Amino acid sequence: VLRTTTTTIQRKILFNAAVCYDFHRTNLSKWKRQAKPRFQMDELETFEEQKGNTIKIPIVIEKDSHFIVEMEALRDWSRSQYPKVKNEYNAKHRFEIQQKTSRFKEVIKACVAMKPTGRIVIETDKYKSYPTIIEMAAGESGVHVQYDAGVEAQKKELFPINNVCACLRSDAAALRRRSWHVTKSKVMLNAKLKIYLFYSNYLKPKNYKIDGKLVKQTPAMHLGIFKRPVVWAY
């Protein structure tokens, strides 16, 4: 109908992703609220092309507003039950998989860009590798708080990050598991994540309780970065 090609569409996605991400990084430090922010971090798991090609997406958000600070699709060791598939994937992407921890640290360091001075509180579940990664990324300024997801009272504290991950799976078809929706390329998945980050932070209104009243605002509005939703016009 539009007389276009797959290559053109992919090129437009990459261009829009670069513009959206540049916009986000430019406005990330304009956070104006007086209260101390608390960040939450978790990982979302998906796969590239087939189930054995494991992709992890670490996500960091600001707890009160659900503002997505940073996220990135990273390769992880294959979860395939077939040794041949597992070994082939791990051998092909060994270097990239070994760089996962350093890239993970860069995701966490985005909190420093949002709050360059003072203590940074990062809340997670009790996954065993998180303390080490957060300590390496945030240094002495980072305070790591862990909650046990198996305890109902503590699980409720992790609702913001779990809600963001659920919305991401719902809104982005490539992340819906147990269906034919699956990403064909990690590069394109990262591009779509950057576009979604812009959409979720600056365009999508959420309900916030302010002074006992429900108010519809975007996360960027709730943090004082913008006074109104960003209108994206071409």
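Two strands pair if DSSP finds at least two bridges between them. Helices (H or I, at least four residues) and strands (E, at least two) are DSSP runs, numbered from the N terminus.

You are looking at a predicted model, in which local features need pLDDT of at least 70 and side-chain atom pairs count only at pLDDT 80 or more, while totals for chains, interfaces and linings use all residues. Residues are numbered from 1 along each chain as its sequence is written, and side-chain values use heavy atoms, with hydrogens and water left out.

**The whole chain**

Start with everything shown as a cartoon: the protein has nine helices and eight strands. Its radius of gyration is 18 Å, close to the 17 Å that the globule rule gives for 234 residues, so the protein is as compact as a globular protein of that length. That radius is taken over C-alpha atoms, and the globule rule is 2.2 Å times the number of residues to the power 0.38. Along the principal axes, the C-alpha trace spans about 55 × 50 × 30 Å.

Next, select Ile13, in helix H1 (residues 6-27). Leaving aside residues up to four places away in sequence, Ile13 touches Met188, Ala191, Lys192 and Ile195. Contact here means heavy atoms within 4.5 Å.

**H7 against H8**

Now pick helix H7 (residues 159-171) and helix H8 (residues 186-202), which pack at an angle of about 115° with their axes 12 Å apart. Axes are lines fitted to C-alpha atoms, for helices over the stretch in contact, and angles run from 0 to 180 degrees between N-to-C directions. Show side chains for Cys167, Leu168 and Asp171 of H7 and for Leu193, Tyr196 and Tyr199 of H8, which make the contact. By class, this contact has five nonpolar, no polar and one charged residues.

Move to helix H4 (residues 100-114) and H5: the angle between them is about 65°, and their axes lie 9 Å apart. On the H4 side, the contact is made by Thr101, Phe104, Lys105, Ile108 and Lys109, and on the H5 side by Tyr130, Ile133, Ile134, Met136 and Ala137.

Follow the chain from S5 through helix H5 (residues 130-138) to S6, and you trace a right-handed β-α-β crossover. Right-handed means that, with the strands pointing away from the viewer, the path from the first strand over the helix to the second runs clockwise.

**Two positive phi values**

Which phi does Glu49 have, positive or negative? Select Glu49 in the loop between strand S1 (38-47) and strand S2 (54-62); its phi is near 70°, a positive value in a residue other than glycine. Most residues other than glycine have a negative phi.

Finish at strand S7 (206-210) and strand S8 (213-217), with Asp211 in the loop between them. S7 and S8 run antiparallel and are joined by five bridges. The two strands form a hairpin with two residues between them, and Asp211 in the turn has a positive phi of about 55°. To see the pairing, show Lys209 with its bridge partner Leu214 in S8, then Ile210 with Lys213.

Conventions
Ala, Val, Leu, Ile, Met, Phe, Trp, Tyr, Cys and Pro count as nonpolar, Asp, Glu, Lys and Arg as charged, and the others, Gly among them, as polar.
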